[in-house]
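Subject: Structure for you to look at

Hello,

Here is the structure I promised to pass on. Please open it first, then read my notes below.

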Amino acid sequence: MTQEELFKKLIAHCKEYGFIFPSSEIYDGLGAVYDYGQNGVELKNNIKSYWWDSMVKLHENIVGIDAAIFMHPRVWEASGHVGAFNDPLIDNKDSKKRYRADVLVEDWMAKQEEKIEKEVEKAHKRFKENFNREQYLATSPRVLEIKAKMDAVHERFATALNDNNLEELKQIILDCEIVCPISGTRNWTDVRQFNLMFSTQMGSTADGANTVYLRPETAQGIFVNYLNVQKTGRMKLPFGIAQIGKAFRNEIVARQFIFRMREFEQMEMQFFVQPGTEMQWWSEWKETRMAWHRALGFGDENYRFHDHDKLAHYANAATDIEFNFPFGFKEVEGIHSRTDFDLGRHQEFSGKKIQYFDPERGESYVPYVVETSIGVDRMFLQIMSAAYTEEKLENGEERVVLRIPAALAPTKVAVLPLVKKDGLPEVARQIIDDLKYDYTVVYDEKDSIGKRYRRQDAIGTPFCVTVDHDTLNDGMVTVRHRDTMQQERVKIEDLRAMVEKAVSFRELFKKIKA
Ligand code: ATP
C-alpha cells in the first residue's frame with residue numbers, strides 16, 4: 001500500500017468510526033473546516049489534557065488562562081499581523097489552482113532529497129555489504145551534483161523569503177522547472193502576498209462598527225494578560241502562561257485533511273525569562289517538548305527538528321518539531337524565541353508600562369519570551385496516522401486496529417456480556433457502574449464477540465472485558481488486550497487497578513524531564 005493510499009484509508013476510517021466529519025456535510029462541506037465526532041472529541045480532549053497537565057501540573061511556575069477569541073483591533077497592529085501575516089501565493093493559469101509559492105519550492109527540495117535516497121538505495125544493492133553510506137554520500141558525482149543544485153536553491157530561497165522578494169521566488173519556481181501537479185504546466189502567475197486573517201464587524205453599523213479579527217494565534221491573548229497574571233499570581237521570572245484555544249487562518253491551500261485547517265485549535269505556552277537567558281531556555285524547551293512527543297512511543301526516528309529558513313518578524317531563533325506523516329516529515333509544533341518583541345510592542349501601542357522588576361538585578365525590564373506552540377488537530381492527525389494499522393491474522397482474517405496510546409484512547413474499556421440473558425448483562429452493567437466515574441466505558445451486547453472485538457480495535461479501545469457464565473460462579477472476567485489480542489482471566493475487583501496502571505498519564509509523564 002502506498003503512503004497516499006494509506007492516507008486516503010485513514011481519512012475514510014476517521015469518518016466511518018465517528019472521529020472526524022467534514023463540516024456542514026449535508027451541504028457538501030466547507031473548505032478546510034471539520035467537525036469532531038463522538039470518538040474524535042474524546043481523543044482530542046485527552047490530547048489536550050496530556051498537554052495541559054504536562055505544562056500546568058508538572059511545572060510549579062506555569063499557570064493557565066483562557067482568553068477571548070476577539071481582541072482589541074490594535075492588538076493585531078502591535079503584533080505585526082495586520083501588516084505582515086502573509087503567505088506568498090501563486091496561481092497556475094491552466095488549472096486555475098492556487099498554491100503557496102514557498103511550499104512549491106519546499107516540496108521541490110524534498111523531492112531532491114528523495115532522489116539522493118534512491119541513488120543510495122541503488123548503490124547499496126550494487127555494493128551489498130561493502131557499502132559505506134557516508135563515503136558514498138561524500139563522493140558520488142551524481143549525489144554531489146543533486147546536492148549542489150539543492151544547496152544553491154536553498155540559499156536563494158532563504159534570501160528571497162527574508163527579503164520578501166516575490167519576483168525572485170517566482171524565478172526560483174521557473175528555474176527549478178516546477179510544474180503544477182494538476183495541469184502539468186509551468187504557466188504561472190506572479191507571486192502575490194495574501195493576508196491570512198479573517199475579519200468581521202463588531203457592533204451595529206449604525207453605531208459605527210469596528211473591524212475585529214478572529215485571532216490567528218492564541219499567543220496574543222497571553223501577552224496582553226502578562227501583567228494581570230504576573231501581578232495577581234505574584235509570579236517570579238522565569239514563569240510561563242499556557243493556553244488552549246481556537247485560532248483562525250484563511251489558508252490559501254488547504255488540501256491535507258486536518259493538517260491545514262481554516263479553523264483549528266492551538267496549545268501554546270509563553271515562557272517569560274530574563275533577557276540574555278532566552279537561548280538556554282529555548283534549548284531546554286526544545287528537549288522537553290521532544291520528550292513529550294517521544295513518550296507516546298511512536299518511534300524516535302519519526303521525529304526531527306527543522307530550523308526555520310525564515311525567522312518570523314518577532315523571533316531570534318526558531319525550530320519546528322516535525323513528524324513523519326504519510327505525506328512526509330511535516331511540522332507539528334514550533335518552538336520560538338520571540339525576544340521582547342511582543343511585550344515591547346504592546347507597551348508601545350497601549351502606552352502602558354509592561355515590565356518586570358527583577359529583585360536580583362535591581363532593575364525593571366521587558367521580559368524575553370520563549371514560546372512552544374502546537375496544533376491540537378495536527379497532533380490528532382499525527383496520532384491517528386501513527387496508530388492506524390492493518391493486520392493479517394493467523395486465521396487469515398484481517399483487522400484494522402488503532403494503536404493509540406492507552407492514556408489517550410477515546411474509550412478505555414468495553415464491557416461485553418457473552419449473551420444477552422442469564423444475568424450476564426446485569427453483571428456487565430455493575431462493572432460499568434463501578435468504572436464509569438473514572439474512565440470512558442462502553443457496553444456492547446450486539447453481534448458475536450469476534451465482531452465486537454473488531455469494532456473496539458477500530459476505535460483503539462485498549463481493553464475488552466467479557467462477562468460469561470463462569471463469571472457468575474468465580475467472579476472473574478476475560479480481559480482481551482487490543483495490541484497483542486491476548487486474553488487473561490482477571491478478578492472483577494482487580495479490573496480498576498489494571499486499567500489505572502495502563503491509562504494513567506503517570507507513565508508518560510515520567511519520561512518527560514520536568
Ligand atoms: P505552517 O508553516 O504549516 O503554515 P506555521 O509555521 O504558520 O505553520 P505556527 O504559526 O508556528 O505555524 O503555528 C503553531 C502550530 O499551530 C503549528 O505547528 C501547527 O501545529 C498549528 N497550525 C498552524 N496553522 C495551522 C492550520 N492551518 N491548521 C492546523 N494547525 C495549524
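Let me start with a single residue. At 68% relative accessibility, Arg 234 counts as exposed (buried means under 20% relative accessible area, exposed over 50%, partly exposed in between, with a 1.4 Å probe and protein chains only). Arg 234 sits in the loop between H10 and S9. Its phi is near 45 degrees, a positive value in a residue other than glycine.

Some ground rules. This is a predicted model, in which local features need pLDDT of at least 70 and side-chain atom pairs count only at pLDDT 80 or more, while totals for chains, interfaces and linings use all residues. Residues are numbered from 1 along each chain as its sequence is written, and side-chain values use heavy atoms, with hydrogens and water left out. Helices (H or I, at least four residues) and strands (E, at least two) are DSSP runs, numbered from the N terminus.

Back to that loop. Pro 238 also lies between helix H10 (226-232) and S9. The peptide bond from Leu 237 to Pro 238 is cis, with omega near -5 degrees.

**The ligand**

What surrounds the ligand? A shell of 17 residues does, and the closest are Glu 251, Arg 260, Met 261, Glu 331 and Val 332 (a residue is near a molecule if one of its heavy atoms lies within 4 Å of it). The shell divides into five nonpolar, five polar and seven charged residues. Here Ala, Val, Leu, Ile, Met, Phe, Trp, Tyr, Cys and Pro count as nonpolar, Asp, Glu, Lys and Arg as charged, and the others, Gly among them, as polar.

Which strand gives the most to the shell? S13 does, with five residues. Strands S10 (263-273), S13 (328-339) and S16 (368-375) each supply at least two.

Now the polar atoms. A polar side-chain atom of Glu 331 is 2.6 Å from a ligand oxygen. A polar backbone atom of Met 261 is 2.8 Å from a ligand nitrogen. A polar side-chain atom of Arg 249 is 3.0 Å from a ligand oxygen. Each is a polar contact (a pair of N or O atoms within 3.5 Å; within protein, one must be able to donate a hydrogen and the other to accept it, and residues adjacent in sequence count only if both atoms are side-chain atoms).

**Two loop residues**

Arg 249 is in the loop between strand S9 (239-248) and S10. Its side chain reaches the backbone oxygen of Pro 216 at 2.9 Å. Beyond its neighbours within four places in sequence, Arg 249 is in contact with residues including Phe 85, Glu 217 and Gln 266 (contact means heavy atoms within 4.5 Å).

Glu 251 lies in the loop between S9 and S10. Is Glu 251 buried or exposed? It counts as buried, at 6% relative accessibility.

**Helix H5**

H5 (residues 101-127) has 27 residues. It reaches 40 Å from its first C-alpha to its last, close to the 39 Å expected at 1.5 Å a residue (1.5 Å times one less than the number of residues). Its buried residues include Trp 108, Met 109 and Ile 116. The buried residues of H5 pack against strands S4 (86-91) and S5 (98-100), and against helices H6 (133-139), H7 (141-162) and H8 (166-175).

Just after H5, Lys 128 takes a positive phi of about 50 degrees. Lys 128 is exposed, with a relative accessible area of 54%.

Best wishes
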